[in-house]
Every structure is written in C-alpha cells, then in structure tokens.
Amino acid sequence: MTDAALRAPGAPVRAELSLWRRFLHRPLGVTALAVLLLVVLTGLFAPLLAPHDPNLVDFTLTQAPPGAEHLMGGDSAGRDIFSRLLYGARTTVYGAAIACLVGVGIGVPAGVAAGYFGGAADRICSWISDAVQSVPGMIVLLIVAAGTGADFTVLMVTVGVFMTPGYYRISRSRALAVRREPYVDAARVAGLTHARILHAHMLRAVHAPVIIQSALTAGVAMGMQTGLQFLGVGTASAPDWGQMMNDGFRTMGTHPLILLWPSLALGITIAALAFIGSTLADLVSVRTEPARRRRTAPAGRHAVDAETPASSGALVHTVERSALRIDNLRVTYATAHGDKEVVRGVCLDVAPGEVLGIVGESGSGKSQTMFSALDLLSQDGRSSADGIWIGGREAGGLSRAERHALLGTRVGYVPQEPMSNLDPCYTIGHQLVEPLRAVHKLTKAQARDRAREVLLRVGITDPDRVMASYPHHVSGGMAQRVLIAGAVAGKPDLLVADEPTTALDVTVQAEVLELLRELQQEYGMALVIVTHNFGVVADICDRVVVMKDGRIIESGTVGQIFAEPADPYTAELIHASQDDSESRDDLDAAWHEAGQKVHT
Ligand SMILES: Nc1ncnc2c1ncn2[C@@H]1O[C@H](COP(=O)(O)OP(=O)(O)OP(=O)(O)O)[C@@H](O)[C@H]1O
C-alpha cells in the first residue's frame, strides 16, 4: 500500500499531534499553564518554601510594610503574609480539586448514560440536574457549614455537587452526538456490550470537553471557596486566601497591600484557569450537534397506514431455512404532524448462501427495514413485527443481551459511509481486534492474527501498517475494505451491506462489489445488499425485493425482474440504473480498464 493510498485527501495532518502537543504551541495557554503549575507546586511544597510559620503571631509585625525578612509584610494579627499566601495556595488548590473530582465523578457518568441510553434514564438525570441547578447554592453551603461545623472538605464536596450540572450537560450532549455515529452502531452490531461501548467510545469522546469544563469549574470553585472563607466559613487553623482578603478588607483604607496580595493571587490563578480553558476550547472544536445518520427524504410524505397488508409474497424460505427472515415489519416515527409509518408490513427472507438485494429510491424504507433487524433503529422510532428470525432463532423473543450476542456472532454489517464508521480516536488495528477479543473471545495474539488475515483477504497487502494507522490515514476505498474485513472477521452467517459503494468512486465501487461477491461465495454467507441502484446488484444478487414508500411492491429472481418488471416503478428504476454511470457494465468496465486486481 502506498502513502497516497494510506492518506485520504485532505486528511487532518494536525490531528496526528496530540491535543497537548498542540497546546504547547499556544504561548498564552503555555504561560497560563505555567502559572497554574506554579500555584499548585507552591501549595504542595508550602512547608518547604514558607520562610515563617504562617500562624505565628509577632506583634511587632502587625500591619508591617514589606521588608527583607517579610517580603509582603505582616497582617493585622502580626503574621507573615508571604508564608500565609503560600499555605493559602495549598488550601485553594485542594478545595478546587475536590469540587472538580465530585463534579466529574457524578456529572460525567450521569451525562454519558443519559445521552447514550436516552429514554427514562435521560429524563430522570435531566430532571435531577435541573433541580440541582435551581437550588440556591450559597444558602445550601451556609446550611451545610452550620451542620458540619464548617468542615472544609464537606463544604467543597457540596460545591462539587453544584458543579455537577455543568459536567452533566456537556457529557450528555457529546454522548447524544456520538451515540448516533455509525461506528457506535457498528460496535453494537459487532456485539460489544454497552459497558464496553460506553468505555471505549463515549468516555473517550467526552474527555476533551470535560478537561475544558474542569478548568472553568476550578476557577468557579475557587471563587466560591474564597467567598465562603471571606464570610468566615472555614477552618481557622489553616491559612486561606479568603480569610486573608477578609482581613485586608477591614484595613483596606489604611493598609491596602494586605488586601492586594491575596486578591492578586486569586485573580491570577482564576485567570490562568480561564486562559487554559479557552485555549483548550479553541483547539478542540467541540461538536455538540447530533451527527447525521443517513440521508432522509423530506418528512410528511407518508401517511400512517396501519392497514397496509404485509407483502408476504417476498417470502420464499421457511424460518428454518432462512439466514434472516422478517415477517410483517412496521416502523413508525412520531413527527410534528403525527405518526409517520416508514416501513409498512415488510416481509423478506434470505437463505444461507443466497444474495438478496433490497432496491428502492431514497427514503423508500430500505435502511429502516435493516436497522430494525439489526437493532439499530434510532430511539424515536418504534418497530413491530410478527417475527424477525436470525439463523432460525426468533430475535424478538430474546433478551437484549442475548440478541446482541446473536447479532455479534452471526451477523456482519457493512455500513454506508466508511469513514464515519471508524472511530477516529483508535487505530484500525484496535478497532478490528477489540470485537474479536470481546465477542469472539480470542486472545490478543489470535485476534491480531485473524485481523491481519482478513485484511490480507480483502486486498490490503500491508496489514501491519494499516493496523497501526488511524482512520484519517486511509482512503475511503481502503476504509471500506477495513470495514468489510471487520464484518467478516467473525465468520458471520449473514452479511448486511447498506449502500456499501455509495460513498466510493466508480473504480473502487467495482472492486468493493467484486470483493463482496467473492467473500460471500468463499464463506457461504447469506448477503443482503441494500442499494438504490439496480445496476449495482444485477450480477451479485440471486433475488431482489423492490421497495417504495415503505412497502415491497415487487420481488423475484434477478432474471425475472429484469426480464419482466411487473410494476412500472421497477421498470423505471431499472431504466434509471442503465442510464446511470454507476451501472454494473460501467463498473465492470472501469474495473477492467483500471486493470487492478481486487486482492493478491
Ligand atoms: N429519525 C427519523 N425520524 C423521522 N423519519 C425518519 C427518521 N429516520 C428515517 N426516517 C424516514 O424513514 C423513511 C425511510 O428511510 P430509510 O433510511 O429507510 O430510507 P432508504 O430507503 O434507506 O433511503 P436512503 O438510502 O436515502 O437512506 C424516510 O422517509 C425517512 O425520512
């Protein structure tokens, strides 16, 4: 494989640099980070750095001006301000760290779970988050202070609880966006458990926004903590900046320096955190909009039609002889104009070793049909069916875990858009090996060997290099080969390919179709290929079902349908595909012209 093949045009080269390495190229961010580190180190090593005992009272030092021995002078009680400032940094950093840990520990898992699972989990968590936000924090803190004898740690835990909604919101919105990413669908079909998906994809997706949020939260926590200490709430034995400000406030008119030092320390620390946060936010473009799942036709075209009879004519095998069988499937979405039925009584089946094409124009319900079978329907969709059998087992009768295990081991899925089906955060090798280890229980070495073997089989001549690459290093055609390799790595009985060539250029389309045909024959799999183009399936499929407006309007062998299309819509589709540059003849011609071999 050449470099050109490895790198997609316009691949984000800068993405190779880690976030932190890019951060180090920002002078403002680096300066702010250095200041923060200085504050943290000062707090940690205060006992070594402080020239005097911070609580030692020396009346000769009362409100003394700065001097050689006491760099910042003395406070109103005769204590060394510089030493107290150093110890105060320790209290401030400790308090902010507790608040952030509590916020992250509660807000992130809750936000990720709410965004990923949706439904009741989302509603309950959002309700709690809103409730926490609506509680007046300062009053609660004063009550907690009174009840706990102003225990500083408990107070900062309470501050952390009030920071939770910020973490919750940001994690939820990231999880909502990522859960619709095709690579999460692919992970589900591959049989990965929710726990693994949450850990591998969701937490990874939220970590950058959470770091940014922590920088801002730490600043807010420091402000609240200092405010409490200023009001006299806190431990008197440990010096802190709030107490020092309170002391300085009282003598501000005559000795302004006593107020200036702690105010400067607090202001600089909070500003450093704000600059770190804004630099990070600048570097990480946090996408919160939900990812587009598929192309969709304009809403409102379909009326609810629960009475439409099931198109059972498309069934030709018994349940026992089917790799997949769907009986009377209906899918409905709630829209602003009422329920919209987008799949209306679909029946279809495919036998082991058989290739079925599902053909229809965009929006005809092809993908929704297969999403229902693969348990990938989006959360706002409802499906019902008389039965969906995978390898003769009724999937509807299984628990969610059993159904995922069945899908993971028996079904492979090749999605529409290769690039968005690979997680940009992980190497290709990791993404191929993980399901083999988690679902097929191979050891790491066995999984790597199997991944290498299937990559070679799909025509990737340098599997080690590809496995070490990130998705943005490879071209679209290469990414589709990787996904096909991943889909067949577990030796499934059924392979579902949803518009597998749509996003590819014409030569690569021909190669990918040829590859699918070869793999299907070699593994003896059933193959369901979803496409809008009759030409693409003409010499791959044994049988075809034609869909329109959520229904199957015609089905039969490819020969029959091509020779005598019964429905004018089918004839129109065939005609359109013959005019289309992506027709099978053109694809084959392109492939032969390119003189390329699909695999070695
Ligand atoms: N989340 C949703 N909410 C409402 N309607 C939806 C949703 N997802 C899909 N639909 C509708 O379902 C219908 C069928 O969509 P489907 O994705 O199955 O089409 P398709 O035949 O696969 O075409 P394409 O290849 O363009 O995706 C479309 O009319 C679409 O607008």
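Helix H5 (residues 81-117) and helix H6 (residues 119-134) pack at an angle of about 140°, with their axes 7 Å apart; axes here are lines fitted to C-alpha atoms, for helices over the stretch in contact, and angles run from 0 to 180 degrees between N-to-C directions. This is a predicted model, in which local features need pLDDT of at least 70 and side-chain atom pairs count only at pLDDT 80 or more, while totals for chains, interfaces and linings use all residues. Residues are numbered from 1 along each chain as its sequence is written. Helices are DSSP runs of H or I with at least four residues, and strands are runs of E with at least two, both numbered from the N terminus.

**H5 and H6**

- H5 and H6 are therefore oblique to each other, given that angles under 35 degrees count as roughly parallel, over 145 as roughly antiparallel, 65 to 115 as roughly perpendicular and the rest as oblique.
- H5 passes H6 in a left-handed crossing, a term used if the near helix is turned anticlockwise from the far one by less than a right angle, with clockwise being right-handed.
- Ala110, Ala113, Ala114 and Phe117 in H5 meet Gly119, Ala121, Asp122, Cys125 and Ser126 in H6, where contact requires C-beta atoms, placed from the backbone, to lie within 7 Å.
- The residues of this contact of H5 with H6 divide into six nonpolar, two polar and one charged; Ala, Val, Leu, Ile, Met, Phe, Trp, Tyr, Cys and Pro count as nonpolar, Asp, Glu, Lys and Arg as charged, and the others, Gly among them, as polar.

**The partners of H12**

- Helix H10 (residues 194-230) packs with helix H12 (residues 256-283) at an angle of about 160°, their axes being 7 Å apart, and the two are therefore roughly antiparallel.
- The crossing of H10 and H12 is left-handed, and its contact residues comprise 13 nonpolar, five polar and no charged.
- Helix H3 (residues 27-44) also packs with H12, at an angle of about 140° and with axes 8 Å apart, so that H3 and H12 are oblique to each other.
- Residues of H3 including Leu28, Gly29 and Ala32 make this contact with residues of H12, among them Ile268 and Thr269, and the contact of H3 with H12 has 11 nonpolar, three polar and no charged residues.

**Annotated regions and H7**

- The unreviewed UniProt entry annotates "transmembrane region" at residues 28-50, 93-117, 124-146, 152-170 and 258-284; its positions are given in the numbering used here, feature names are shortened, and annotations may be inferred rather than shown by experiment.
- Residues 93-117 are 100% helix and 0% strand, with end C-alpha atoms 35 Å apart, whereas residues 124-146 are 91% helix and 0% strand, with end C-alpha atoms 31 Å apart.
- Just after H7, glycine 149 takes a positive phi of about 65°.

Notes
Contact = placed C-beta atoms within 7 Å.
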